[in-house]
Amino acid sequence: MAEILSVEQVKELVELRAKHLFDDYHAFWNIVTRHESMIQRRWVNKSRAKREAMLRSAWGSSPPMAKVHRPDIALMRYRFLNRIEAPITPQERGFCLWPHMNSEDLCKKEPLLLLLNARRRHPPYAFAYTDFEPSTFGVGCELMSPPISLSQWSMRFAGQNTPTTYGKVMFREDVPDIDLRLRGHFHYSTDEGLLVLEIQEQLYKFLHQICREILHDQDIPADTKHLLLLPEEPPAPLPTDNGKGAIATTSLMTTRLKARYHLPMGPDMPRLRDLMSAKSSEADDTLWALREDPSFFASKAMEMFEHRPEQLLDIDGERHIGVVTPDNRHNLMAAAVEFMIRHYFSAAVTWDVLLLWLRAFGDSKYEYDKNRLLREAVAQMKYDYCSLLAHLDYFLESDARLAEKTAQVSEPLRHIYRHKLSSNSTEAFGAYEKTTIERNGTKGTEAELYFLWMVRSMADPECREIMGVHTCVDEIERIAHNPESQNLITPFLAEQFSNISIKTECAKQMRLYEEVAYCEASGRMDIVGSAVKVMYGPESMAGLRLSEATRKIGADLVKMKYPVDQKPSKSNIEAMRAAEATLDDFWDKAISEIKKQHATWASGVFQESNSSIRLLELLGRQPERTSPWIEPRKKNQVPTTLETPGNNWTSQQEEKPRKFVATGAKIKKKTRPAQPPVEKGSTSDRDRDRDRDRDRDDAASTSAQPPQVFNVDRRANKAFAMLFYQPSTSGSKPGEIDWNEVVYAMCHVGFKAEQLLGSSWQFVPGPTVQGPDGKKAQNIQFHAPHPKPKLSFKSARRYGKRLTRAYGWSADTFRVEGS
């Protein structure tokens with residue numbers, strides 16, 4: 001039961017804890033100021049066992065340090081599964097107050113050094129909210145109860161550097177704008193403030209003691225006065241991980257881990273724009289690959305088919321009739337094709353809309369910062385801010401629900417669930433959210449149940465509010481990197497988690513702005529959020545439908561062969577041309593049907609961004625297609641042309657016509673369909689800039705010389721040879737390539753590689769990389785193969801085509817050094 005304290009008791013407790021806190025802070029600060037370099041060297045050179053022993057000794061035994069990552073989550077789940085209602089023990093309370101102070105994380109080389117580095121350079125008040133925020137999980141889950149807050153009093157931390165003023169208890173009526181100050185975490189209620197002091201008191205005591213443990217053989221005075229007599233040393237450089245070997249990569253997961261121990265940073269708008277712009281370009285490229293590449297279309301359709309709810313057994317353990325007979329499987333595949341088109345079309349529009357609002361907020365924030373007294377600038381900035389957050393929250397909720405349903409029906413986990421609809425119905429189920437799925441009593445492994453519990457928590461609004469989406473995403477990423485559980489996540493699921501992680505990162509950083517306090521206090525978030533839900537309701541793109549005939553053409557395509565990875569022959573070329581013709585027929589009908597539905601759901605923000613119009617224009621372009629078969633000339637026959645006999649490889653394979661293209665064959669010209677009329681004034685300079693950035697024509701197909709030539713080593717050249725495979729010059733049959741080799745090759749020519757969450761990798765071009773026609777090179781994102789790190793030839797070929805569109809590269813762009 002929560003304890004009730006009087007104002008006098010609160011003030012006495014604040015005074016005592018603040019004194020202890022600053023005593024340890026000053027002692028720790030003086031030690032690190034004079035010995036930071038030695039502390040770093042010794043910590044790096046110690047074994048993991050010695051580090052753990054020193055951590056536990058410095059932390060103390062009341063309560064002891066947790067052993068595992070996020071012990072508060074593990075405690076909550078354990079109590080929930082075992083239906084424990086008894087009050088938590090002091091040790092368990094410590095798990096909730098200091099979840100990030102655990103030996104599993106701190107035994108790594110960098111976290112403790114980052115913690116020492118940051119706490120030396122910044123005062124305690126700079127970390128007040130960073131230290132307090134993790135404890136909200138334990139309070140929200142009702143694992144622990146802080147003292148009852150005194151409604152008329154608050155505590156001030158911001159800007160206070162002395163034990164007499166830190167956490168000072170103040171009468172609320174004496175503080176102007178107290179509600180906004182509380183929401184902005186400049187002030188805290190008394191229950192929150194006491195938790196801040198309790199957390200920081202133990203934390204700075206630990207920092208003081210761990211420094212003495214590491215420097216145990218040094219003559220360090222016990223009091224601060226004698227420490228001041230020792231000479232100071234210049235600040236040691238911030239410890240960083242520069243990568244292993246020649247592949248200098250970073251990881252968003254590692255960056256998030258480091259952020260828990262380092263100074264809290266403000267929002268990074270340029271980075272958010274880069275992440276979202278690259279994601280938007282990737283969504284466009286995915287949609288174009290579905291339009292152009294029959295093998296990619298078939299693989300994605302099969303992926304959707306394998307994640308259909310009809311794959312589950314019913315409550316009687318019977319298979320659904322839709323997956324039993326060939327005719328019904330064909331109907332089910334047709335439904336999967338429709339869902340695939342709707343899913344990836346919606347994804348492209350979603351990233352376009354989010355990028356629009358992010359840029360809109362950046363522009364209005366810039367105008368607001370120039371003149372904070374201009375009423376129009378203030379109103380526009382707050383509207384754009386609320387709109388961006390409302391869109392992020394809505395799309396995150398939608399993505400989380402889809403991820404939960406997808407996980408339940410995925411092949412590694414579907415044995416745990418059953419559906420409740422009739423297995424005799426030959427009709428395909430509707431949308432995922434209309435399918436009732438429940439546990440069937442099967443006991444899964446601990447890894448399976450923990451993963452499903454985390455995905456379900458992310459999809460449930462109440463759990464998501466308590467845990468935070470970023471916490472769920474981080475835990476799912478840990479599961480994906482665990483060799484024992486990574487097989488639970490299918491490539492389609494990894495793709496979804498990647499999308500969720502980028503939106504989560506954006507939402508988390510946007511909430512660091514102080515404007516969030518006003519928007520939440522004024523209720524504008526609720527107003528804009530309600531409008532967004534109406535905008536994306538059943539009449540929006542979520543209701544996109546294809547006719548039965550069109551869907552079945554797509555299902556027929558899945559059965560067709562597209563032997564692009566086989567040796568060119570008459571039968572293979574004819575099979576490829578037949579598949580391409582079927583794909584063109586499907587899209588001709590699908591685009592026509594989408595245009596007819598366009599007027600009903602292209603309203604509101606869609607009309608503002610012209611996203612749907614731009615995507616229809618993209619899909620209307622002429623794709624690369626395979627040239628007809630040329631019979632190889634007979635032995636001793638004099639050639640009459642420059643063709644290489646039998647080598648009419650697809651022009652889709654190469655971005656420029658080669659010598660084996662038949663004489664007189666028409667070279668593809670870029671054409672665009674007539675653009676639907678756009679209302680005057682509906683586009684802005686920002687929209688036009690975005691469209692110019694995205695209009696990445698195939699530079700290599702229109703120029704005789706490649707825009708750049710890179711001198712690369714043999715290892716990088718081998719990877720690029722796979723990405724830009726040429727059957728006329730490669731003697732070996734295309735196979736698989738290790739993903740690390742692709743990362744190495746990209747870094748070798750000047751990119752910086754960052755592993756995002758999910759399966760995404762972002763490659764940031766350096767100064768040596770140019771865009772097509774000398775334009776500024778943009779970031780590009782690829783999905784790493786999961787769970788095995790082997791990239792198939794077809795995926796490598798598709799990535800090579802994306803590099804051609806983005807940077808104008810071809811096989812001739814790379815030259816082995818010294819050749």
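A residue is called buried when its relative accessible area is under 20%, exposed when it is over 50%, and partly exposed in between, using a 1.4 Å probe and protein chains only. By this rule Glu142 is exposed, because its relative accessible area is 70%.

The structure is a predicted model, in which local features need a pLDDT of at least 70 and side-chain atom pairs count only at pLDDT 80 or more, while totals for chains, interfaces and linings use all residues. Residues are numbered from 1 along each chain as its sequence is written, and side-chain values use heavy atoms, with hydrogens and water left out.

**Overall composition**

The protein has 819 residues, of which 54% count as buried. It contains 30 helices and 14 strands; helices (H or I, at least four residues) and strands (E, at least two) are DSSP runs numbered from the N terminus. A contact means heavy atoms within 4.5 Å. Among contacts in the protein with a separation of 6 or more, 80% are between residues 24 or more positions apart.

**Helix α13 and its two partners**

Two packed helices are described by the angle between their axes and the distance between the axes. Here axes are lines fitted to C-alpha atoms, for helices over the stretch in contact, and angles run from 0 to 180 degrees between N-to-C directions.

Helix α13 (residues 269-292) and helix α30 (residues 793-807) have axes that come within 11 Å and cross at roughly 120°. This makes α13 oblique to α30, since angles under 35 degrees count as roughly parallel, over 145 as roughly antiparallel, 65 to 115 as roughly perpendicular and the rest as oblique. In this contact, Glu282, Asp285, Trp288, Ala289 and Glu292 of α13 meet Arg798, Lys801, Arg802 and Arg805 of α30. By class, two of the residues are nonpolar, none is polar and seven are charged. For these classes, Ala, Val, Leu, Ile, Met, Phe, Trp, Tyr, Cys and Pro count as nonpolar, Asp, Glu, Lys and Arg as charged, and the others, Gly among them, as polar.

Helix α13 also packs with helix α14 (residues 294-306) at an angle of about 110°, their axes being 6 Å apart. The two are therefore roughly perpendicular. Thr286, Ala289, Leu290 and Glu292 of α13 meet Pro294, Phe296, Phe297 and Lys300 of α14. This contact has five nonpolar, one polar and two charged residues.

**Cysteines and a tryptophan**

A disulfide is a pair of cysteine sulfur atoms within 2.5 Å. A search of the whole structure finds zero disulfides. Cys96 is in none, and the nearest cysteine sulfur, that of Cys141, lies 8.0 Å away. Trp761 is found in strand β11 (residues 760-765). Its C-alpha atom is separated by 9.0 Å from that of Val743, 18 residues apart along the chain. The table gives the accessibility of these and another residue.

| Residue | Relative accessible area | Class |
|---|---|---|
| Cys96 | 0% | buried |
| Cys747 | 15% | buried |
| Trp761 | 9% | buried |

**Backbone features in loops**

Most residues other than glycine have a negative phi, and most peptide bonds are trans. Arg83, although not a glycine, has a positive phi of about 55°. Arg83 is in the loop between α3 and α4 (90-97) and is exposed, with a relative accessible area of 72%. Glu142 likewise has a positive phi, of about 60°, and lies in the loop between α8 (135-140) and β1 (153-156). A cis peptide bond joins Ser62 and Pro63, with omega about -5°. Pro63 lies in the loop between α2 (48-59) and α3 (71-81).
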